[in-house]
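Subject: Structure handover

Hello,

I am passing this structure on to you. Please open it and keep it beside this email as you read.

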Amino acid sequence: MNKLYLWGIIVVAIMFGATAYTLVLTGGGNKSLTDILSGDIVNALAITGAAALVVITVFVVIKYVRQMQVDSATGDLADENWDGIGEYKNSLPTGWAVMFLLTMVWGMWYWTIGYPVNAYSQIGEYNEDTAVHNAKFEAKYKDITGDRLVEMGESVFLAECKVCHGINADGIDGKAANLNHRIDAASVKHVIENGSNNKLLGFEMPMPDRNGLMNANSGYAPITDAEIELVSRFVANGMTGEGAEVFAGTCVMCHGADGMGVDSMGPNISKFDTVLVTNVLTHGKKGMIGVMPKFDRLNDKQKEAVGAYITNISK
Amino acid sequence: MFHWLEKHPFFFAVGVFIAIAFAGLIEILPNFAQASRPVIGTAPYSTLELAGRHVYIKNSCNACHSQLVRPFKSETDRYGHYSLSGEYAYDRPFLWGSKRTGPDLMRVGNYRTTDWHENHMKDPHSVVPGSIMPAYKWLFTNKADIDTVYAEQLTVAQHFSVPYNQDVPMRDGSVKNVKMAQSLSEAHEIALEEAKAVAVDMKDQDVKDAVSRGEIPEIVALIAYMNSLK
């Protein structure tokens, strides 16, 4: 036996010994090697792989060192030479040839079965991701109600709505509607004077301007400035205080006696509710302050959640 | 022949170039030509919108804001539908941007409004506490450059066949006809008409006065452009 092989065996033995020692040391002291290896198959696989690598490396290196020591050049030289440097006519090593053929087989598999031409697209992957996410969202949040719905509404609000309505939903000094109250007096006044058509019911249901608003109590005469002033404050105060008669004479038919709205006639003006908020999110709105864009990218559950959140904070 | 090529590196390089260029031509060009056609719903920029685009470029908005929504759920949740090549058909140059210091603006017209932009440009902190965007107060006094817009419209209409004064299809099935002036003075009139429609929704009295005097502050043009990004 060559001395090199003896050295190889010694090196391998030292590396194994060191590895086993380290393993036991880091494994908690009183654990045996077999305990550590049997605990998790990944550990056993990694150790086996490393051991194989060590053995193969050491003995392959020894093989080639031996070859350098004893081999002499053999074989036919090619006809061509390059500045005196020649080349042997060696045939391709079998391993290389096999690998080359396997590559071709793999290529066939890749093109036809694995990832066929045009089978992948970035948009396709996006669509799949979105479908998976939506299904997960649907399954997870389908039945949530109450506090969890309000929580979801708050997170959507903070992502989408706070940019205009502010973190506290106070409308940032009149830059957007203050959502802590259903409506303020100036807005009521603006709507009475100018009319409105905001699809708050989900479809067009225009409210006339002041020329189309009659007070039944004063013989169906058009609403007066003083009456507008009164009823605006009445509505803004949450349907309390002076102005109840004007409201009863003019607004009740569409908005209901308690201001809670009438189906297919007028929206709820006494407080926020989920239907109202959902309709505003779906269709957008134009009011005294300006235009609110529609937020169609929210899904139905998210709209409902925002409705629940706003209903909750405006209590 | 290959031995000959190996001995003549110049001709070898030419051969390599031809082979790769040919592959590029047949692989890239047809697909590219198809994808870069305007998609339905993409209309040329109107006079005032184009003036706003110039303001956008002049102030290097594209240094901090991208206009490119990538097809990831996290992006489309935040910015809307992912961008299509054809949507940039009338962008010369395109304003994809390369870094999002601020948010993407590809579809900002869908979720921000005239009055919000006005507040935001005057004092970003008033609507976005902690924002690192600087205020752009000079936009409220500088006047938009309509002459350059008219020159650009003439050029792109004549040389790149941008369909001004023609019906282009919109997503809802309707058609949109973007007017381009036939003379410089008409261009100013068209821009002023558009500016009035924007100024109605604005609060700043100086801007409103300027528009009613027949002037167009840059902010009005920029907001028209922002609102057109959908």
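Below is what was found, from the whole of one chain down to single residues and then the contact between chains.

First, a caution. This is a predicted model.

**Chain A overall**

Chain A has 12 helices and four strands. Its radius of gyration is 40 Å, whereas the globule rule gives 20 Å for 315 residues, so chain A is more spread out than a compact globule. Along the principal axes, its C-alpha atoms fill a box of roughly 125 × 65 × 35 Å. Of the 315 residues in chain A, 21% are buried. Now the contacts in chain A with a separation of 6 or more: 50% of them join residues 24 or more positions apart.

**Domains**

Chain A is divided into three parts: domain 1 (1-75), domain 2 (91-120) and domain 3 (145-313). How far apart are the centres of domain 2 and domain 3 of chain A? Taken over C-alpha atoms, the separation is 67 Å.

**Helix α12 of chain A**

Helix α12 of chain A covers residues 300-313. Its 14 residues should span 20 Å at 1.5 Å a residue, and its end C-alpha atoms are 20 Å apart, which agrees. Which residues of α12(A) are buried? They are A:Gln302, A:Lys303, A:Glu304, A:Ala305, A:Val306, A:Gly307, A:Ala308, A:Tyr309 and A:Ile310.

**A:Gly171**

α6 of chain A comes up again here. A:Gly171 sits in the loop between α6 (146-165) and α7 (185-194) of chain A. Leave aside its neighbours within four places in sequence, and A:Gly171 is in contact with A:His165, A:Gly166, A:Ala176, A:Ala177 and A:Asn178. A:Cys161 is 10 residues away along the chain, and its C-alpha atom is 9.9 Å from that of A:Gly171.

**Where chain B touches chain A**

On this contact, 18 residues of chain B meet 16 residues of chain A. Three elements of chain B give two or more residues to its side: α4 (73-79), α5 (114-122) and α6 (124-127). α5(B) gives the most, with four residues. By type, the residues on the side of chain B that touches chain A are seven nonpolar, six polar and five charged.

Over to you.

Best wishes

Notes:
Residues are numbered from 1 along each chain as its sequence is written. Chains are lettered from A and ligands numbered from 1 in the order in which they are written. This is a predicted model: local features need pLDDT of at least 70, side-chain atom pairs count only at pLDDT 80 or more; totals for chains, interfaces and linings use all residues. The radius of gyration is taken over C-alpha atoms; the globule rule is 2.2 Å times the number of residues to the power 0.38. A residue is buried if 20 or more other C-beta atoms lie within 10 Å of its own, exposed if 12 or fewer, and partly exposed in between; C-beta atoms are placed from the backbone. Two residues are in contact if their C-beta atoms, placed from the backbone, lie within 7 Å. Domain bounds come from an automatic or database domain assignment. The expected span of a helix is 1.5 Å times one less than its number of residues. Ala, Val, Leu, Ile, Met, Phe, Trp, Tyr, Cys and Pro count as nonpolar, Asp, Glu, Lys and Arg as charged, and the others, Gly among them, as polar.
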